[in-house]
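Please examine the sequence and the model displayed here. The explanation below is meant to be read alongside them.

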Amino acid sequence: AGSFVYEDGATQVFEKDGATTYIEHGRETRGRWHVDDKGRFCSFWPPSYEACYDLRWIVEGGDIVGLRFIELQAGTRLDGLYR
């Protein structure tokens, strides 16, 4: 569980119960997250979008400051810094 801010200013909160809320330009979208049977982080956005990611720590000055989400199919990258 955690709260992130992305490079474009969007924010996202991941709750311990699997809920997630993404806010971009004031527009809120609610989804679900889970870890699949292969240990990958996945998110589901109704009605039918699901994506899975490799996660990497973002480290600055020896401190973990966020997570890099690398989408498995497209290879797109999102850097989320802890809020």
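Across the protein the average pLDDT is 93, and 99% of the residues score at least 70. Confidence is highest in strand β4, at a mean of 96, and lowest in strand β1, residues 2–6, at 91. Where pLDDT is low, predicted coordinates should not be read in detail.

The fold is a barrel closed by eight strands, taken in the order β1-β2-β3-β4-β5-β6-β7-β8, with antiparallel pairing. Neighbouring strands of this sheet are turned against each other by 35° on average, with direction ignored. In general, strands of a sheet pair through backbone hydrogen bonds, in either a parallel or an antiparallel sense.

Strands β6 and β7 are antiparallel and share eight bridges. Within this pairing, Arg56 has Arg68 in β7 as its bridge partner. The two strands form a hairpin with two residues between them, and Gly61 in the turn has a positive phi of about 60°. Strand β7, residues 63–71, then runs antiparallel to strand β8, residues 77–82, and five bridges join them. Here Gly66 stands opposite Leu81 in β8, while Leu67 stands opposite Gly80. The hairpin of β7 and β8 has five residues between the strands, and Gly75 within this hairpin takes a positive phi near 80°.

How many disulfides does a search of the whole structure find? The search finds one, and this disulfide joins Cys42 to Cys52 with an S to S distance of 2.0 Å. Cys42 lies in strand β5 and Cys52 in strand β6, so the pair ties together parts that are ten residues apart in sequence. The torsion about the S-S bond of Cys42 and Cys52 is about 100°, and the disulfide is therefore right-handed. Both cysteines, Cys42 and Cys52, are buried.

Strand β3, residues 19–24, contains Thr20. Is Thr20 buried or exposed? Thr20 counts as buried because its relative accessibility is 0%, against a cut-off of under 20% for burial. The side chain of Thr20 makes a polar contact with the side chain of Gln12 at 2.9 Å. The Thr20 side chain also reaches the backbone oxygen of Val13, likewise at 2.9 Å. When neighbours within four places in sequence are left aside, the residues in contact with Thr20 include Gln12, Val13 and Phe14, together with Thr29, Trp33 and Trp45. Arg30, Gly31 and Arg32 are also among the contacts of Thr20.

As a point of reference, most residues other than glycine have a negative phi, and most peptide bonds are trans. His25 has a positive phi of about 55° although it is not a glycine. This histidine, His25, is found in the loop between β3 and β4, the latter spanning residues 27–35. With a relative accessible area of 78%, His25 is exposed, because exposure is assigned over 50%. A cis peptide bond leads from Pro46 to Pro47, with omega near 10°. Pro47 belongs to the loop between β5, residues 41–45, and β6, residues 49–60.

The side chain of Asp8 reaches the backbone nitrogen of Ala10 at 3.0 Å. Which residues are in contact with Asp8 once neighbours within four places in sequence are left aside? They are Tyr22 and Glu24. Asp8 and Glu24 are 16 residues apart in sequence, and their C-alpha atoms are 8.5 Å apart in space.

Conventions: Residues numbered from 1 in each chain as written. Heavy atoms only, no water. Pairing = 2+ DSSP bridges. Helix = DSSP H or I, 4+ residues; strand = E, 2+ residues; numbered from the N terminus. Axes fitted to C-alpha atoms, helices over the stretch in contact; angles between N-to-C directions. Buried < 20%, exposed > 50% of the residue type's maximum accessible area, 1.4 Å probe, protein only. Polar contact = N/O pair within 3.5 Å; in protein donor to acceptor, adjacent residues only side chain to side chain. Contact = heavy atoms within 4.5 Å. pLDDT = per-residue confidence, 0-100. Disulfide = S-S within 2.5 Å.
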